[in-house]
Amino acid sequence: MTRTTYYVASTLDGFIADEHDSLDWLMRQQIDDDGPMGYPAFISGIGALLMGSTTYEWVRTHDPGGWPYEQPCWVFTHRDLPRIEGADVRFASGDVSEVWPEVLAAAGGSGVWVVGGGALASQVAAAGLLDEVIVSIAPVALGAGRPLLTEALDLRLVDLARNGDFACARYDVVRPPG
(Lines give C-alpha, C1' and ligand atoms only; values in the text may rest on other atoms or scores of the structure.)
Protein backbone atom coordinates (compact mmCIF):
# COMPACT_ATOMS: atom_id res chain seq x y z
CA MET A 1 0.00 0.00 0.00
CA THR A 2 1.36 3.38 -1.01
CA ARG A 3 2.07 5.78 1.86
CA THR A 4 2.50 9.49 1.33
CA THR A 5 5.16 11.05 3.52
CA TYR A 6 6.27 14.60 4.18
CA TYR A 7 9.96 13.90 4.92
CA VAL A 8 11.67 17.12 5.92
CA ALA A 9 14.22 18.88 8.12
CA SER A 10 13.11 21.77 10.29
CA THR A 11 14.54 24.22 12.74
CA LEU A 12 13.46 24.01 16.37
CA ASP A 13 11.11 26.93 15.78
CA GLY A 14 9.43 25.27 12.79
CA PHE A 15 11.06 26.65 9.65
CA ILE A 16 12.31 24.63 6.67
CA ALA A 17 14.22 27.53 5.10
CA ASP A 18 15.13 31.01 6.20
CA GLU A 19 13.36 34.11 4.88
CA HIS A 20 15.74 34.15 1.86
CA ASP A 21 15.08 30.45 1.07
CA SER A 22 18.55 29.54 2.31
CA LEU A 23 19.34 26.17 3.86
CA ASP A 24 22.72 27.23 5.22
CA TRP A 25 21.46 26.44 8.74
CA LEU A 26 20.79 22.85 7.64
CA MET A 27 24.10 22.25 5.88
CA ARG A 28 26.02 23.03 9.10
CA GLN A 29 24.41 20.14 11.00
CA GLN A 30 25.87 16.66 11.47
CA ILE A 31 23.74 13.64 10.53
CA ASP A 32 24.46 9.97 9.87
CA ASP A 33 22.83 9.04 6.56
CA ASP A 34 22.61 5.43 7.73
CA GLY A 35 21.32 6.39 11.18
CA PRO A 36 17.73 6.49 12.38
CA MET A 37 15.31 7.90 9.78
CA GLY A 38 18.23 8.44 7.39
CA TYR A 39 17.78 9.51 3.80
CA PRO A 40 19.12 6.45 1.90
CA ALA A 41 16.70 4.04 3.60
CA PHE A 42 13.84 6.49 3.11
CA ILE A 43 14.43 7.25 -0.58
CA SER A 44 14.80 3.55 -1.43
CA GLY A 45 11.08 3.13 -0.76
CA ILE A 46 9.91 6.11 -2.81
CA GLY A 47 8.31 5.80 -6.24
CA ALA A 48 7.14 9.37 -6.92
CA LEU A 49 7.77 12.90 -5.64
CA LEU A 50 5.71 16.03 -5.12
CA MET A 51 7.31 19.43 -4.62
CA GLY A 52 6.49 23.09 -4.73
CA SER A 53 8.09 25.50 -7.16
CA THR A 54 10.39 27.13 -4.59
CA THR A 55 11.80 23.72 -3.64
CA TYR A 56 12.19 22.82 -7.32
CA GLU A 57 14.07 26.04 -8.01
CA TRP A 58 16.31 25.49 -4.98
CA VAL A 59 17.19 21.92 -6.01
CA ARG A 60 17.68 22.95 -9.64
CA THR A 61 20.14 25.70 -8.74
CA HIS A 62 21.94 24.11 -5.76
CA ASP A 63 22.53 20.49 -6.75
CA PRO A 64 25.97 20.33 -8.42
CA GLY A 65 25.22 16.96 -10.04
CA GLY A 66 22.05 18.12 -11.76
CA TRP A 67 18.72 16.55 -10.88
CA PRO A 68 19.23 14.14 -7.95
CA TYR A 69 16.06 12.05 -8.34
CA GLU A 70 15.29 9.06 -10.55
CA GLN A 71 11.60 9.01 -9.62
CA PRO A 72 8.98 11.00 -11.51
CA CYS A 73 8.33 14.34 -9.84
CA TRP A 74 5.28 16.59 -9.95
CA VAL A 75 6.12 20.26 -9.38
CA PHE A 76 3.17 22.39 -8.32
CA THR A 77 3.47 25.89 -9.71
CA HIS A 78 1.61 28.72 -11.39
CA ARG A 79 4.80 29.93 -13.07
CA ASP A 80 6.68 28.82 -16.20
CA LEU A 81 9.81 27.13 -14.89
CA PRO A 82 12.80 25.84 -16.81
CA ARG A 83 12.93 22.11 -17.43
CA ILE A 84 15.88 19.98 -16.46
CA GLU A 85 17.38 17.89 -19.24
CA GLY A 86 16.82 14.17 -18.64
CA ALA A 87 14.67 14.63 -15.53
CA ASP A 88 11.17 13.19 -15.28
CA VAL A 89 9.58 16.41 -14.03
CA ARG A 90 5.90 17.14 -14.63
CA PHE A 91 4.47 20.57 -13.90
CA ALA A 92 1.01 20.86 -12.38
CA SER A 93 -1.17 23.58 -10.93
CA GLY A 94 -4.39 23.51 -8.99
CA ASP A 95 -5.59 20.83 -6.61
CA VAL A 96 -3.20 17.97 -5.93
CA SER A 97 -6.11 15.51 -6.05
CA GLU A 98 -6.46 16.20 -9.80
CA VAL A 99 -3.11 14.52 -10.55
CA TRP A 100 -3.25 12.06 -7.65
CA PRO A 101 -4.28 8.99 -9.74
CA GLU A 102 -1.32 9.62 -12.05
CA VAL A 103 1.05 10.04 -9.07
CA LEU A 104 -0.13 6.77 -7.52
CA ALA A 105 0.23 4.92 -10.82
CA ALA A 106 3.78 6.24 -11.24
CA ALA A 107 4.69 5.27 -7.66
CA GLY A 108 3.76 1.68 -8.51
CA GLY A 109 2.94 0.71 -4.94
CA SER A 110 6.03 2.45 -3.51
CA GLY A 111 5.80 5.58 -1.39
CA VAL A 112 5.11 9.15 -2.41
CA TRP A 113 7.39 11.82 -0.96
CA VAL A 114 6.17 15.36 -0.41
CA VAL A 115 9.60 16.99 -0.66
CA GLY A 116 8.51 20.51 0.20
CA GLY A 117 7.41 23.02 1.03
CA GLY A 118 5.11 23.45 3.93
CA ALA A 119 2.24 24.92 1.90
CA LEU A 120 2.22 21.94 -0.48
CA ALA A 121 2.41 19.46 2.41
CA SER A 122 -0.54 21.24 4.01
CA GLN A 123 -2.52 21.02 0.76
CA VAL A 124 -1.79 17.30 0.48
CA ALA A 125 -2.91 16.84 4.10
CA ALA A 126 -6.07 18.91 3.56
CA ALA A 127 -6.95 16.66 0.61
CA GLY A 128 -6.69 13.64 2.95
CA LEU A 129 -3.70 12.24 1.04
CA LEU A 130 -0.91 12.62 3.62
CA ASP A 131 -0.21 9.55 5.76
CA GLU A 132 2.86 10.52 7.77
CA VAL A 133 5.30 13.27 8.61
CA ILE A 134 8.95 12.48 9.27
CA VAL A 135 10.78 15.54 10.55
CA SER A 136 14.41 15.90 11.58
CA ILE A 137 14.59 18.83 13.97
CA ALA A 138 17.85 20.78 14.00
CA PRO A 139 19.18 22.62 17.07
CA VAL A 140 18.70 25.97 15.34
CA ALA A 141 16.13 28.76 15.71
CA LEU A 142 15.69 31.21 12.83
CA GLY A 143 12.87 33.40 14.11
CA ALA A 144 11.39 33.68 10.61
CA GLY A 145 11.33 31.86 7.31
CA ARG A 146 9.38 29.23 5.39
CA PRO A 147 7.11 27.35 7.82
CA LEU A 148 7.14 23.59 8.27
CA LEU A 149 3.37 23.56 7.68
CA THR A 150 0.93 26.32 6.85
CA GLU A 151 -2.31 24.76 8.14
CA ALA A 152 -3.41 22.96 11.29
CA LEU A 153 -2.71 19.22 11.33
CA ASP A 154 -3.24 16.61 14.04
CA LEU A 155 -0.46 14.04 14.35
CA ARG A 156 0.30 10.99 16.49
CA LEU A 157 3.94 10.30 17.42
CA VAL A 158 4.97 6.76 16.40
CA ASP A 159 8.78 6.91 16.57
CA LEU A 160 11.45 9.16 18.05
CA ALA A 161 15.24 8.94 17.68
CA ARG A 162 18.43 10.95 17.72
CA ASN A 163 20.57 11.13 14.61
CA GLY A 164 23.67 13.27 14.98
CA ASP A 165 22.57 16.80 15.78
CA PHE A 166 18.91 16.05 14.98
CA ALA A 167 15.92 14.92 16.97
CA CYS A 168 14.02 12.78 14.46
CA ALA A 169 10.31 12.13 14.82
CA ARG A 170 7.87 10.04 12.80
CA TYR A 171 4.18 10.95 13.06
CA ASP A 172 1.05 9.40 11.60
CA VAL A 173 -1.51 11.86 10.35
CA VAL A 174 -4.67 11.67 12.47
CA ARG A 175 -7.77 11.84 10.34
CA PRO A 176 -11.18 12.63 11.75
CA PRO A 177 -13.65 9.71 11.75
CA GLY A 178 -15.48 9.23 8.47
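**A loop and what lies beyond**

Modeller: Happy to! Pro139 sits in the loop between E7 and E8 (helices, H or I, of at least four residues and strands, E, of at least two are DSSP runs, numbered from the N terminus). Please keep in mind that this is a predicted model, where local features need pLDDT of at least 70 and side-chain atom pairs count only at pLDDT 80 or more, while totals for chains, interfaces and linings use all residues. Numbering starts from 1 along each chain as its sequence is written, and side-chain values use heavy atoms, with hydrogens and water left out.

Pro139 counts as exposed because its relative accessibility is 55% (exposed means over 50% relative accessible area, buried under 20% and partly exposed in between, with a 1.4 Å probe and protein chains only). Setting aside residues up to four places away in sequence, Pro139 touches Gln29 and Asp165, where contact means heavy atoms within 4.5 Å.

Glu132 is buried, since its relative accessible area is 8%. Its side chain makes a polar contact of 3.4 Å with that of Arg3 (a pair of N or O atoms within 3.5 Å; within protein, one must be able to donate a hydrogen and the other to accept it, and residues adjacent in sequence count only if both atoms are side-chain atoms). Beyond its neighbours within four places in sequence, the contacts of Glu132 include Arg3, Tyr6, Arg170 and Val173.

A polar atom of the Gln71 side chain lies 3.2 Å from the backbone oxygen of Ile46. Leaving out residues up to four places away in sequence, Gln71 touches Ile43, Ile46, Gly47, Ala48, Leu49 and Asp88.

Now for the rings. The structure holds nine aromatic pairs (rings of Phe, Tyr and Trp, the last by its six-membered ring, with centres within 6.5 Å; planes under 30 degrees apart are stacked, over 60 edge-to-face and the rest tilted). Tyr7 and Tyr39 form a tilted pair, 6.5 Å centre to centre with 50° between the planes. Tyr7 lies in strand E1 and Tyr39 in helix H2 (residues 39-43), so this pair ties together parts that are 32 residues apart in sequence. Tyr7 is buried, with a relative accessible area of 12%, whereas Tyr39 is partly exposed at 31%. Phe42 and Trp113 make an edge-to-face pair, because their ring centres are 5.4 Å apart and their planes stand at 85°. Phe42 belongs to helix H2 and Trp113 to strand E6, so that pair ties together parts 71 residues apart in sequence. Both Phe42 and Trp113 are buried. Ring pairs link Tyr7, Tyr39, Phe42, Tyr56, Trp67, Tyr69, Phe91 and Trp113 into a cluster.
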